[in-house]
Amino acid sequence: MPRHIVCLSFDFDTMSGFIARGLTTPTALSRGEFGARASTRILAFLQSRGIRSTWFTPGFTIETYPGECEAVVKAGHEIAHHSWAHVPPAAQSREQEEADIERANEAIRRLSGHAARGYRSPSWDLSPTPSIFCSRMAFSTIRALWALTIGLTGRGGATWRSLGSPIGSARRRR
Ligand SMILES: [Zn+2]
């Protein structure tokens with residue numbers, strides 16, 4: 001019987017993504033707050049099925065909802081890097097991006113006891129030079145592109161590696 005492997009992950013943004021886009025009306029903020037409330041339901045579901053997952057969590061969420069984030073860690077799930085405040089790296093200067101990544105990683109270290117191993121860019125948007133920071137932060141993977149991933153190779157920096165065509169493209173060719 002074939003063995004199927006699935007990577008289940010969540011963006012635990014709460015309201016950070018809305019705030020980063022200037023959406024600070026009550027409705028937008030309540031949608032973000034719902035994320036924190038829903039996290040307990042998701043954790044219960046995952047526990048009932050014996051599923052471990054990865055939670056890409058901005059530092060903003062860790063500081064705003066420490067209890068909910070601690071529950072994720074205590075349940076055995078991975079906390080991965082998702083910036084400090086969900087600001088797209090391409091919208092930041094190089095210095096801002098570096099400070100953002102380091103600040104968020106420090107929050108993850110305080111929460112989980114170790115630095116993040118994985119990184120997902122907020123808004124799926126990378127700056128032109130993410131590998132410099134991410135390699136130094138020792139991320140093993142960067143999940144931010146639809147058809148590519150960046151495999152980091154120790155101190156040597158990043159290499160680009162194609163994962164092939166999306167399934168939808170392969171079906172259209174038939
Ligand atoms: Zn996000």
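Me: What comes after helix 4, and what is said of its phi?

Reply: Helix 4 is followed by G76, whose phi is positive, near 90°. Helices here are DSSP runs of H or I with at least four residues, strands are runs of E with at least two, and both are numbered from the N terminus. Please keep in mind that this is a predicted model, in which local features need pLDDT of at least 70 and side-chain atom pairs count only at pLDDT 80 or more, while totals for chains, interfaces and linings use all residues. Residues are numbered from 1 along each chain as its sequence is written.

Me: Which residues of helix 4 are buried, and how do you know that they line one face?

Reply: In helix 4, which spans residues 66-74, the buried residues are E68, C69 and V72. Seen down the helix axis, they fall within an arc of 100°, so they line one face of helix 4; the arc is taken over the directions from the helix axis to the C-beta atoms. An α-helix has 3.6 residues a turn, so residues three or four places apart point the same way. The face of helix 4 turned away from the buried side carries the exposed residues G67 and K74.

Me: What makes T14 buried, and what makes R109 partly exposed?

Reply: The test counts other C-beta atoms, placed from the backbone, within 10 Å of a residue's own: 20 or more make the residue buried, 12 or fewer make it exposed, and anything in between is partly exposed. T14 has 28 such atoms within 10 Å, and is therefore buried. R109, which lies in helix 5, has 13 C-beta neighbours inside 10 Å, so R109 counts as partly exposed.

Me: Where does T14 lie, and what is its phi?

Reply: T14 sits in the loop between strand 1 (9-11) and helix 1 (16-20), and its phi is near 45°, a positive value in a residue other than glycine. H86 also has a positive phi, of about 65°, although H86 is not a glycine, and its place is in the loop between strand 3 and helix 5. With 26 other C-beta atoms within 10 Å, H86 is therefore buried.

Me: Why are helix 2 and helix 4 called roughly parallel?

Reply: Their axes are 10 Å apart, and the two helices pack at an angle of about 20°. Angles under 35 degrees count as roughly parallel, over 145 as roughly antiparallel, 65 to 115 as roughly perpendicular and the rest as oblique, so helix 2 is roughly parallel to helix 4. The axes are lines fitted to C-alpha atoms, for helices over the stretch in contact, and the angles run from 0 to 180 degrees between N-to-C directions.

Me: Which residues make the contact between these two helices?

Reply: Helix 2 contributes A36, S39, T40 and L43, and helix 4 contributes E68, A71 and V72, where contact means that the C-beta atoms of two residues, placed from the backbone, lie within 7 Å.

Me: What covers the buried residues of helix 4?

Reply: The cover includes helix 2 (26-49), strand 2 (54-57), helix 3 (59-64), strand 3 (78-81) and helix 5 (94-112).

Me: What does R109 touch?

Reply: Leaving aside residues up to four places away in sequence, R109 touches H114 and A115.
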